[in-house]
Amino acid sequence: MTTPMVKFDKVTKRYGSLTVLDSLDLEIAANEKVAIIGPSGSGKTTVLRMLMTLERINEGIIYVDGEPLTHMEKNGTLVPADQRHLRRVRGNIGMVFQHFNLFPHMSAIRNCMEAPVNVLGMPKAEARERAAELLDMVGLGDKVDQYPSQLSGGQQQRVAIARALAMRPKVMLFDEVTSALDPELVGEVLNVIRKLGSEHNLTMLMVTHQMGFAREFADRVCFFYGGKIAEEGAPDEIFSNPENERTRQFLSAVLEAN
Amino acid sequence: MQLRSLAICAIVFFTAGLAVASFAGFREFIPGLLEGALVTIQITIGGCVLAVVMALLAAMAKMYGPAPLRWLAVAYIEVFRGTSALVQLFWLFFVLPHFGILLEPLTVAIAALGLNVGAYGAEVVRGAVNAVPRGQWEASVALNMPRTLALRRIILPQAFIAMIPPWGNLFIELLKATALVSLITISDLAFKAQQMNQTTFRTIEIFTIVLVMYLAISILITVGMRWLESIAARGIARGRSQ
Ligand SMILES: Nc1ncnc2c1ncn2[C@@H]1O[C@H](COP(=O)(O)OP(=O)(O)OP(=O)(O)O)[C@@H](O)[C@H]1O
Ligand SMILES: [Mg+2]
């Protein structure tokens, strides 16, 4: 058996007395595309944020590419990771946010160069060339010098995708990346994600409300409910033949809304 | 445009003041008062530079420093905000020599005013940094930036713009507080005015000129800060949609 690219091992996350994730087990293979669906408040965002180290976990261990992320080995036992360890392991992970979070004081290309130059130590010329390539790939070759406020939401989100890719992550996290967009801009962002899926070796984990896209794009769909994965499987199974009552309710509610 | 009109206003004001002064027999006071104004400007500039440096250091230490540095920063901010600038000035000037530290009066003036305003400035810096959206920190983490790098390249440049107007106010406060330094033997504008007044009793002329001079300097500060703000805004927002 090959090592999974991402592994949640009995991970529990609590906010005060609220248990958001309850002993979650989830394994994601290299190159696998996993869609996470579920009702509001079911912990979908929290899963991604824990993996990005934006949120501490209370119990369990998260592994990335076979290596513990939340913990590190010390004298043969696993202890909570320090900052250095976190930084080393999370270098494998990139994330795209619902609200883009571009740096407003930098042009599109500077947004994509900042981390490669200052974190990876890449020479500026090389970083610029690569950033230009990536912006070209997301269809923004003619917008490299624009500032975020001069771009549409869809364009901003595509810059954000290019910016994350510039760090050459193995795992990409997408948290409702089209939710803040006007409907006519959703397609251009989904197209970029499709392209990533087919042209790059990336493991992808995406929280989405676009059921059509999840069905067509994902290898596996996980339905979250009450801090657990209530049901998971191939998209066709989940969408045409859900076994869990909650899944059925959720899907019919979503279908009705559309 | 507002910027330019303010600048013109300051210049017109200043030259008009000088013109009136020189024709109405105010002329004899001008050279002495200009000398004093120069000292006032010197202390203002030195104090402002020190205040900005101290404010940045104290705010960073208070927000992100290890415990001992944090306490030090808190102590500095509380002591210098909680006591009067006059007492601080006297303390540095009259008390420090008892511990064998003897400073030039000008150094004491710049240190006292800079430290005093820096303590207020630290809270300005802190407020502006906290006002940067959390998503900016999160994006920095997602790009694997260490915290110091994120602070330096992402957060502070955005906080900078929000800091400019309150700093303008603090700089003007500092300018006004420079009048205190005449009490530690420095011949600033206020000192010169009093001195001349005592020998000539031409109270109206002297203090009118002094008023105009202080006003001109503070308008210059305002103009400078507006200019800085417009430059910073050009770099950051360009319409600002986020
Ligand atoms: N910082 C926090 N402090 C306290 N509670 C939180 C915090 N962040 C999230 N929660 C709670 O954790 C639960 C899960 O939140 P999460 O954002 O993961 O939900 P979600 O599945 O992404 O929902 P949505 O579809 O609305 O985005 C919610 O009940 C939320 O209120
Ligand atoms: Mg969410």
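Is His71(A) buried or exposed? His71(A) counts as buried, because its relative accessibility is 15% and buried means under 20% relative accessible area, exposed over 50% and partly exposed in between (1.4 Å probe, protein chains only). The model is predicted: local features need pLDDT of at least 70, side-chain atom pairs count only at pLDDT 80 or more, and totals for chains, interfaces and linings use all residues. Residues are numbered from 1 along each chain as its sequence is written, chains are lettered from A and ligands numbered from 1 in the order in which they are written, and side-chain values use heavy atoms, with hydrogens and water left out.

His71(A) belongs to strand S6 (residues 71–74) of chain A; helices (H or I, at least four residues) and strands (E, at least two) are DSSP runs numbered from the N terminus. Beyond its neighbours within four places in sequence, His71(A) is in contact (heavy atoms within 4.5 Å) with residues including Gly60(A), Leu78(A) and His85(A).

Now to the two chains. In all, 30 residues of chain A are in contact with 25 residues of chain B. The size of an interface is often given as the accessible area lost when the parts come together. Here chains A and B bury about 2400 Å² between them, 55% of it on carbon and sulfur atoms; buried area is the accessible area (1.4 Å probe) that two parts lose on being put together, summed over both.

Between chain A and chain B there are two salt bridges, a salt bridge being a side-chain nitrogen of Lys or Arg within 4 Å of a carboxyl oxygen of Asp or Glu. One salt bridge joins the side chains of Arg49(A) and Glu138(B) (2.9 Å, N to O). On the side of chain A that touches chain B, helix H2 (83–90), strand S8 (93–96), helix H3 (108–118) and helix H5 (153–165) each supply at least two residues. H3(A) gives the largest share, four residues.

Glu138(B) also forms a salt bridge with Arg134(B), with the closest N and O atoms 3.4 Å apart. Both lie in helix H6 (residues 134–142) of chain B, four residues apart, about one turn of the helix. Glu138(B) is buried, at 10% relative accessible area, whereas Arg134(B) is exposed, at 61%.

Within H3 of chain A, Arg110(A) and Glu114(A) are likewise four residues apart, about one turn of the helix, and their side chains meet in a salt bridge (3.6 Å, N to O). Arg110(A) is partly exposed at 25%, while Glu114(A) is buried at 1%.
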